[in-house]
Amino acid sequence: MIRIDLDDLPPRLGRALAALTDTEEVVLVRGGAVVARLSAEVAAKAPAAPVGEAEMAEVMEHFGSIIEDEF
């Protein structure tokens with residue numbers, strides 16, 4: 001499998017490929033002949049796990065200590 005980072009492509013091409021939906025297809029053509037067809041597969045984003053009270057308290061405590069250190 002070949003992997004291409006969209007950041008390595010020209011901006012216009014990268015934006016076009018990033019905007020593909022899962023029903024769209026890219027056709028690569030050279031000299032009028034179809035060389036390849038690429039189907040987009042859009043991965044579903046997993047819902048974020050809810051943050052529990054204990055984790056939130058720890059984050060707020062850490063945040064508070066950073067603020068106190070700065071001021």
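How many helices and strands are there in the protein chain? The protein chain has two helices and two strands. Along the sequence they follow the pattern α-β-β-α. Helices (H or I, at least four residues) and strands (E, at least two) are DSSP runs, numbered from the N terminus.

This is a predicted model, in which local features need pLDDT of at least 70, side-chain atom pairs count only at pLDDT 80 or more, and totals for chains, interfaces and linings use all residues. Residues are numbered from 1 along each chain as its sequence is written, and side-chain values use heavy atoms, with hydrogens and water left out.

Of the 71 residues in the protein chain, 4% are buried. Buried means under 20% relative accessible area, exposed over 50%, and partly exposed in between (1.4 Å probe, protein chains only). The protein chain exposes about 7000 Å². Carbon and sulfur atoms supply 58% of that area. Accessible areas come from the Shrake-Rupley method with a 1.4 Å probe; for residues, only the protein chains shown count as cover.

| Residue | Relative accessible area | Class |
|---|---|---|
| Glu25 | 43% | partly exposed |
| Arg37 | 53% | exposed |
| Phe63 | 47% | partly exposed |

**Salt bridge.** Side chains of opposite charge can pair when their charged atoms come close. A salt bridge here is a side-chain nitrogen of Lys or Arg within 4 Å of a carboxyl oxygen of Asp or Glu. The count by this rule is one. Glu25 and Arg37 form a salt bridge, at 3.0 Å from N to O. The pair links distant parts of the chain, twelve residues apart: Glu25 lies in strand E1 (residues 25–30) and Arg37 in strand E2 (residues 33–39).

**Nonpolar patch.** Val51, Met56, Val59, Met60, Phe63 and Ile67 form a nonpolar patch on the surface. Together they have about 560 Å² of accessible area. Such patches take residues with over 30% relative accessible area and no salt bridge, joining nonpolar side chains (Val, Leu, Ile, Met, Phe, Trp, Tyr) within 5 Å and like charges within 9 Å. Phe63 sits in helix H2 (residues 53–70).

**Largest pocket.** The volume of the largest pocket is about 560 Å³. The pocket has 15 lining residues, and the closest to its centre are Ile4, Leu6, Leu17, Leu20 and Leu38. On a 1 Å grid over the protein atoms alone, a pocket is an open set of points where a 1.4 Å probe fits, with protein on both sides within 12 Å along at least five of seven lines; lining residues have an atom within 4 Å of a point. Helix H1 (11–18), E1 and E2 each supply at least two lining residues. H1 gives the most, with three.

Technical notes: Grid points are joined across faces, edges and corners, and a volume is the space filled by probe spheres set on the points.
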